[in-house]
Amino acid sequence: MPWKFFNASGSQLTATDNVTVAALADGTDGELITWDTAGAPATVAVGTSGHVLTSGGTGVAPTFSTIAVSSLANGTDGELITWNASGAPATVAVGTINHVLTSGGTGVAPTFQAAAAAGIASVVADTSPELGGNLDMQANLLVGNGGSTGIAISVDGEVTMAAQPAFAAHQQANVLNVTGAGTPYSPVLFPSQVYDVGGDWAESPGSTFTAPVTGKYVLTSSVRIWGQTTAMTYGLISLVTSNRIWNVYTSTGDVSVTSGWFISAVADMDATDTCYVTLNVFGESGDTIDIAGSMSMSISFSGVLVA
Amino acid sequence: MIIFPTGIALTANENSILLHMVPDAETWLSNAITEKARLRRDALIQEWRPTLYADASVTELPADNHELCALIMARADYKTRLQQDAETDPVESTSTVNKDTYDGVTRSGSTVTLFGSGINLPDLTGNCILAYVQNLEEWVYGALMGQINRGKKKMIAKYHPIIMADASVITMPATEDGLITMILARADYKSLA
């Protein structure tokens, strides 16, 4: 049987009369009253703290939920939402293209700003860094192990290594009776230094190059002799490196001309290995062969580290 | 094996020049010899590996570089550099150029002796070097005199402009050794080490 309600005078209340909150039946803390699709009273379940009541539309009971982006008021294209120092919502102004959002710290709204131009501080931690394009060293050098000299590349692509070990020296004076009967002229002397990058060349007393590092060295030498006769059987010019001797054997003598001999090698030299040149002529009755010195580089010894 | 059983004598300037380049001359030279031996050991193995593979009598190889090196040196067809040179035609004479360079320096007065009790090398270390080098002491002389030459040149290259710009210097020695002595005596002298 349905309930009937009466006021203080004993008159029955109708549906349009007010019902005080106190007259409502007890409910669950935090719930709200709604009506379902049949028009009957129903409750909205207790929500999570901070959630807001969101309509489900006709036929669906409202619920407490987070705010959907679509529920926000319209704003300006490109702006962002922040909160100001008072805790009130505020917007971050639209930035310039490619600018990055930069914090202003506590109490200052963030803003869009140009990225700092500091560049890459270090790639030490990257064990296999890759480039997406050419590495332009500008006028700087490619150096190693904290050094200050290294590889330079010009705008036209010329590569120079100002500290790469290299030397050249020559003999300007005649040196008489050095070989002929199989006596080696050792070492051939090149007392006039042309250049010596790194200080590895000793022009005197032994005209010797000492390798500063282990590597492959291109070594070349030329000598010009005179005094040979038809008795000469052959000649031998050598690059004497610590690990091995590089020899070039020459043909028999020709009394009508002087002879120019040349030798070159890509020698494997270990750090502190040495190299010098020797000359030996065989067949003559005595050591009558002379070195024909020259202001030019016809009696020369040079070398450079290549690998 | 022991080389230089009574040590290597240097002039005071030569020793100072070495110390211009390295903090400790003996340590530097010991390390240079050790590194040379390692490089020659590896080179020897690399050169001989094809021969060992092609030798049907070799059925297994040690997995240790030192043992492999010893195995190579024990072969009947192995020859040291000196043995190889003796068999060439004409015979390659044994070089003394580096020792001659060392001996060309007069060492009277104040001298310093490195390795006073000699340089004691494990046999394999010495033999690895002797696979390629005619004479161990000749090689050490070359290393030593090369480093001294390099140090001398670097020292002069650095201090010559300083001396030229020093208004208190009126004249300077006309010999290399004199110039080195002058540089070493300067208050602003600092070694590279």
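Me: Where does A:Pro187 lie?
Reply: In this predicted model, A:Pro187 sits in the loop of chain A between β12 (175-179) and β13 (192-197).

Me: What is the peptide bond from A:Ser186 to A:Pro187, cis or trans?
Reply: That bond is cis, and its omega is near -5°.

Me: And B:Asp89 to B:Pro90, cis or trans?
Reply: The bond from B:Asp89 to B:Pro90 is cis, with omega near 0°. B:Pro90 is in a loop of chain B, between α4 (81-87) and α5.

Me: Staying with prolines, where is A:Pro165?
Reply: A:Pro165 is in the loop between β10 (159-161) and β11 (166-170) of chain A.

Me: Buried or exposed?
Reply: A:Pro165 counts as buried because its relative accessible area is 11%, and the cut-off for buried is under 20%.

Me: What about A:Ile225 and A:Gly199, how many Å separate their C-alpha atoms?
Reply: 29 Å, for two residues that are 26 residues apart along the chain. A:Ile225 belongs to strand β16 (residues 215-226) of chain A. With a relative accessible area of 0%, A:Ile225 is buried.

Me: Backbone next. What is phi of A:Asn145?
Reply: Near 55°, which is a positive value in a residue other than glycine. A:Asn145 is in the loop between β8 (111-113) and β9 (151-153) of chain A.

Me: Is A:Asn145 buried or exposed?
Reply: A:Asn145 is at 88% relative accessibility, so the residue counts as exposed.

Me: What is phi of A:Ser207?
Reply: Phi of A:Ser207 is near 45°, again positive in a residue other than glycine. A:Ser207 lies in the chain A loop between β14 (201-202) and β15 (208-210).

Me: Buried or exposed, that one?
Reply: A:Ser207 is buried, at a relative accessible area of 0%.

Me: Switching to charges. How many salt bridges over all chains?
Reply: The count comes to 21.

Me: Which residue meets A:Arg244 in a salt bridge?
Reply: B:Glu47, at 3.7 Å from N to O. The pair crosses between chains: A:Arg244 is in the loop between β17 and β18 (245-249) of chain A, and B:Glu47 is in helix α2 (residues 25-54) of chain B.

Me: Are those two buried, partly exposed or exposed?
Reply: A:Arg244 is partly exposed, with a relative accessible area of 24%. B:Glu47 is also partly exposed, at 45% relative accessibility.

Me: Which residues are linked with them in a network of salt bridges?
Reply: The network links A:Arg244 and B:Glu47 with A:Asp268, A:Asp270, A:Asp273, B:Lys36 and B:Arg40.

Me: What does B:Lys99 meet in a salt bridge?
Reply: B:Asp103, at 2.6 Å from N to O. Both lie in helix α5 (residues 97-103) of chain B, 4 residues apart, which is about one turn of the helix. B:Lys99 is partly exposed at 33% relative accessibility, and B:Asp103 is partly exposed at 41%.

Me: And what does B:Lys79 form a salt bridge with?
Reply: With B:Glu87, where the closest N and O atoms are 4.0 Å apart. B:Lys79 counts as partly exposed at 29% relative accessibility, whereas B:Glu87 counts as exposed at 56%.

Me: What lines the largest cavity?
Reply: There are 13 lining residues, and those nearest the centre are A:Thr241, A:Ser242, B:Ser95, B:Gln134 and B:Glu138.

Me: Which elements supply at least two residues of the lining?
Reply: β17 (234-241) and β20 (274-282) of chain A, and α7 (136-165) of chain B.

Me: How does the lining divide by class?
Reply: The lining has 4 nonpolar, 7 polar and 2 charged residues.

Me: Last topic, the surface. Which residues form a nonpolar patch?
Reply: A:Val52, A:Ile67, A:Val69, A:Leu72, A:Ile81 and A:Trp83, which together have about 630 Å² of accessible area.

Me: Where is A:Val69 found?
Reply: A:Val69 is in the loop between β4 (63-65) and β5 (80-83) of chain A. A:Val69 counts as exposed because its relative accessibility is 71%, and exposed means over 50%.

Notes
Residues are numbered from 1 along each chain as its sequence is written. Chains are lettered from A and ligands numbered from 1 in the order in which they are written. This is a predicted model: local features need pLDDT of at least 70, side-chain atom pairs count only at pLDDT 80 or more; totals for chains, interfaces and linings use all residues. Side-chain values use heavy atoms; hydrogens and water are left out. On a 1 Å grid over the protein atoms alone, a cavity is a set of points where a 1.4 Å probe fits but cannot get out, and a pocket is an open set with protein on both sides within 12 Å along at least five of seven lines; lining residues have an atom within 4 Å of a point. Ala, Val, Leu, Ile, Met, Phe, Trp, Tyr, Cys and Pro count as nonpolar, Asp, Glu, Lys and Arg as charged, and the others, Gly among them, as polar. Patches are made of residues with over 30% relative accessible area and no salt bridge: like charges are joined within 9 Å, nonpolar side chains (Val, Leu, Ile, Met, Phe, Trp, Tyr) within 5 Å. Accessible areas come from the Shrake-Rupley method with a 1.4 Å probe; for residues, only the protein chains shown count as cover. A salt bridge is a side-chain nitrogen of Lys or Arg within 4 Å of a carboxyl oxygen of Asp or Glu. Buried means under 20% relative accessible area, exposed over 50%, partly exposed in between (1.4 Å probe, protein chains only).
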